[in-house]
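Dear colleague,

My findings follow after it.

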Amino acid sequence: MLAAIAAALPLAGIVAAAFSGATADIAAADVGRYALTSAGLALLVGVITAIAGTLAAWLVVMHRFPGRDIFAWALALPLAAPAFALAYAYGDLFDVAGGLRIWMRGTLGFDMPFEMRTISGAAFVLSCAFYPYVYLAMRAAFLNQSVTALEAARTLGCSQRRAFLRAALPLARPALAAGAALAIMETLADYGAVQFLSVQTLTTGVVRAWSVYGSTASAAQFALPLLGAAALLLWIERAGRRGRGYEANRARWRELPVTRLTGVKAVLAVTFCLLLLTLGLLLPCFWLAWNGLNVSPDWVRLFDAAEHSLILSVAGAAITVALATALALGAAKLPLAARVASLGYATPGAVMAIGLLAPAALIWRIVPGATGFAVAIGLLLYAYAARLMAAALEPVDAGLAKVTPNMIWASRSLGRGPVSTAWHVQLPIARGALLTAGLLVFIDILKELPATLILRPFNFDTLAVIASNYALDERLEQAGWPSLLIIALALPAVIWLTRKIARSRPGAA
Amino acid sequence: MNRRSLLGLAAGIAMLAACGAQTNQSAEGGAGGAAGEVNLYSARHYDGDKEVLAKFTEETGIRVNVIEGRPDELVARIQSEGEASPADLFVAADAGAMWRAQQANLFQPTQSEALNTAIPAQYRDPENRWFGFVRRARIVAYDSAKVRPEEVDTYEKLASPRFRGKLCVRSSDSVYNLSLLGALIEAWGPQRAEEWARGIVANMARPPEGGDRDQIRAVGAGVCEVAITNSYYYIRMANGDNADDRAVTERVKLAFPSLDGQGAHVNVAAGGVMARAPHRDNAVRLLEFLASADGQTRISRLNNEYPASPNVPAPDPVAAHANFTAHPMPVAAFAARQPEAQSLMSRVGWR
Amino acid sequence: MSDAPILTIAHAGKSYSRHVALDDVSLALAPGRITCLLGPSGCGKSTLLRLIAGLEPADAGEIAMAGALLSSAAGHVPPEQRDIGLVFQDFALFPHLDVTANVGFGIAHLARAERAERVAALLERFRLSHRAKAWPHTLSGGEQQRVAIARALARDPAVLLLDEPFSGLDGDLRAEVRRQVLDGLAETRAAVLIVTHDPEEAMLMADALALMRDGRVLQAGTPAECYARPVSIEAARLLGQVSVVPAVVRGGVAETPFGSLPADLPDGAARLMLRPEALALAEAGAPVTVTAARLGGGFSEIIVEAEGATASLRHAGGAPPIGRGFVRIDPARARLFAGS
């Protein structure tokens, strides 16, 4: 209950801000254009991630080809790369005045017909960053799918491709919706990438209303339709999870019928997986590192920031998961609260900053001496929890759903009170899910920008903040190092996560 | 598992606590010293500033605590902190940002002989609430192979048909563009400024994208012939680590267009003391240090900006690009015109 | 065996929005005795179980154990503070604990050695010793069932409630598990309440029966009583197939299409309830038409008709030919109810 209120406070702050103060003089035509751009971007990212993620998941789950065992977990690795880092890398690599394109024009005699700093370019970058959400969801769905349905489709005269289209895909639709919803929410909430690529979305409107016209009211108003969209996406995501629920009830596992790919097909499969991995991680990492070699970074400052990032991420993950667990345990009584608490996930970073200041102001004004270091860290951790609740709540909820009401009552009738039951029955059974939630939040906090920027204490930089500062100062060479460090810190967590999914079906790893 | 996860949680919190204790300790150590500390809210996010602040601490023993962020987020944060705000000094790299902080009643006037002497009246608030200590000019980078310097010696010429489809410029999201247009509105009135903006939009070689450095590189790549840019990006490219960038600046040159024959548009990085500054005296000392000849020179050398004071010569490598006249318009005059400029740009389709 | 009840339910009531699940239910459970709560699904028997266990508060009435109120208008003792064991239909074993830990879950407050000893004894009693370290999902249905019961008994509860304990099992396994469970329960002094919808099972297991329908207890008594002397046709139907035929009482004799029998009812219309074994084919008696005969193993199920009334009976010999025949009523196994 308290957790729900805490998580919902920033949202209340946004709504309150939207209806107070002077509004900015932003032309309706501009607002319309921003909204269209946001919608178009979200749609493009949704479609591209859905196709790429699904195809990749289908390939690695249902086929055998060279490198498949590595791709199975490596394809999720781009989750470790912040979207803004990909934007820096691609914006620079494919810049019209960059070395690559000058060389193309000079040597090859033609130019790339594709600009990175357009809607389609931004959609490409964000899709590279977010396709793992779809991939992971679909991979889990395919791994847990019913073999019988596939076999039934085959006996009814479907080729394997048609069996995929007509049986496997429709059965996995909830997972697809869930994965794509996550990707779209991340797109709407994106702070650094879209700004860097000068694509003017609603976030641009927020920044413009706030920083030029000084109107937080107008800035917050931009967030309201986004909150609506987020609510809708969360609802879709929920519906997706309900579908997964009864999928898991199959009594007996059977080995999935995998196809061994050879010849051209194998080459195509390898190429596709390699392409995804290259675009999502290898190429941008390489480019950032290559450029980074030109400069000698301030290692002391970077390691300091890395330490801060790591501590915040671990503590933030623990607190967020604890709050999410409390919320999920109480969610039976107040499902609405849980939903509202999740909205922070899709709230654009710039708006979230406005919302976060509302509860922070309360603390600052009420608690004497509250502007100190400890309180600032506490506020920051709280802000992460409020912002990333959805990322933790979904897996925790799914994990706790494995505990049937009767198990809880059995524990109660065996002399354990509600708290003891939660501790000895519900939490242990959901422990895998709790760890998953923790790792997701850990990765998200490593990449987090808006809350960190506005709430951190004195002399306290994180890797994401340093990367963003360098990018704002148009020093991409320097921005590469903190970005790469973020990826390096997040990678082990991502690897662990994706290997865990592989183990979810006996004999599938 | 319970024990293990509990252990992890405990470890995390212990680490955090340890880190907190460590930082608090050092903070107290600073406060315990004779000189104390000063809390700086800086919207300047330049590496060079760290060195300058370190120098200040070295000279005065005053520890500088910094929070960096976007100017408006910092203003919002200070407002939210209310009475308890620890902010002593607010620094930003745009006069418009200072004006908005001033509108939020964040500043107190500072009466300082040192500041008044060091900073010309043009570069400070008329009521002494904030002081610009370094300057940047919003000028033109041009392709020396295709454009003659006299073709870009006024801002009007940038909007002329001569450069139809040959101009690169950032979007209207750039505060430096807003300040430039604000200055033009101040000098010419809104009608003529709007005509000029229409001319600029008509001349754009591509929809606005990227930062100032990207505009200069685009000139180098032949995408356009002229670009509107801030001075220090060019100077940094000309003297930076990146060999490609240095090569670009050999062909792309810097020109200082004149506004009504009075000089180029300049903007300032400025600082002001907070109305509720708990360390007011230290804040004034820091501001005086930034505005001192030594401070201006250091910032200029580290971040390629121009000293605000006419008596402080620009150090190398800035000196090579410092031979220009600045328009005498007070920066406070155009700072207030940013919203107007934004609306105007939106009207003419300057994205 | 003492008959003093340990648990008493008095006038309990429970409603969900518009649906009345329990209506004025009273019942008493005695230690060492097995009471079976029998009724069709949706009759409220599971609700009653949940009320007794404390999973839900009662809307009306009182539940008391050994004189102390558990549920009443004044308050509600939470399940963990009731000395009541509960076995769920789906067993609800804890998947993260092995058999030993599952059984020992409720006695964590005991010293390790004592706990181990008690768990071992229970596993022995329910023939589970060889699965002590097994995980729940590797157990057969019958084993899971016994683990669930052993777990509930570990705390030595005064009352043990079992919700449809054998419904998840089928055929031979069901009978075997039932026997093993009965053996295991034989040693307990707990008052046992078993909820079931299977009349045969109820009669086989119960020391006492309670018949429920539409949220009310129709009849409570020994299985023999309930079977032979149902208080109503409704109650009778719960314990197995019955045929109901119209009758007319005149002067202490009831005339029915299948013959007459003595009646201590006032004159007027009545209904005769016949268990299949109350009617027998005979050489002479009431004339009937045999309309159907089906071999059911050691007996034949036969449908007879007379004067528009039908009844079924079980015939031990081979199937008689379809057509005319005679039946006789065994008055001890038939029952008359006044009214039509």
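Predicted model: local features only at pLDDT ≥ 70, side-chain atom pairs only at ≥ 80, totals over all residues.

Residues are numbered from 1 along each chain as its sequence is written, while chains are lettered from A and ligands numbered from 1 in the order in which they are written.

Strand β8 (residues 159–163) of chain C is largely enclosed by the rest of the structure, because 5 of its 5 residues are buried (20 or more other C-beta atoms within 10 Å of the residue's own, C-beta atoms being placed from the backbone). Helices (H or I, at least four residues) and strands (E, at least two) are DSSP runs, numbered from the N terminus. On one side of β8(C) lie C:V159, C:L161 and C:D163, and on the other C:L160 and C:L162. β8(C) runs parallel to β7 (residues 84–87) of chain C, with 4 bridges, and parallel to β9 (residues 191–196) of chain C, with 5 bridges (strands pair if DSSP finds at least two bridges between them).

In helix α15 (residues 338–348) of chain B, the residues B:Q338, B:A341, B:Q342, B:L344 and B:M345 are buried. After α15(B) comes B:G349, with a positive phi near 85 degrees.

Finally, 14 residues of chain A are in contact with 17 residues of chain C (C-beta atoms, placed from the backbone, within 7 Å). α18 (405–413) of chain A gives the most to the side of chain A that touches chain C, with 6 residues.

With kind regards

Notes:
Buried ≥ 20, exposed ≤ 12 C-beta atoms within 10 Å, placed from the backbone. Contact = placed C-beta atoms within 7 Å.
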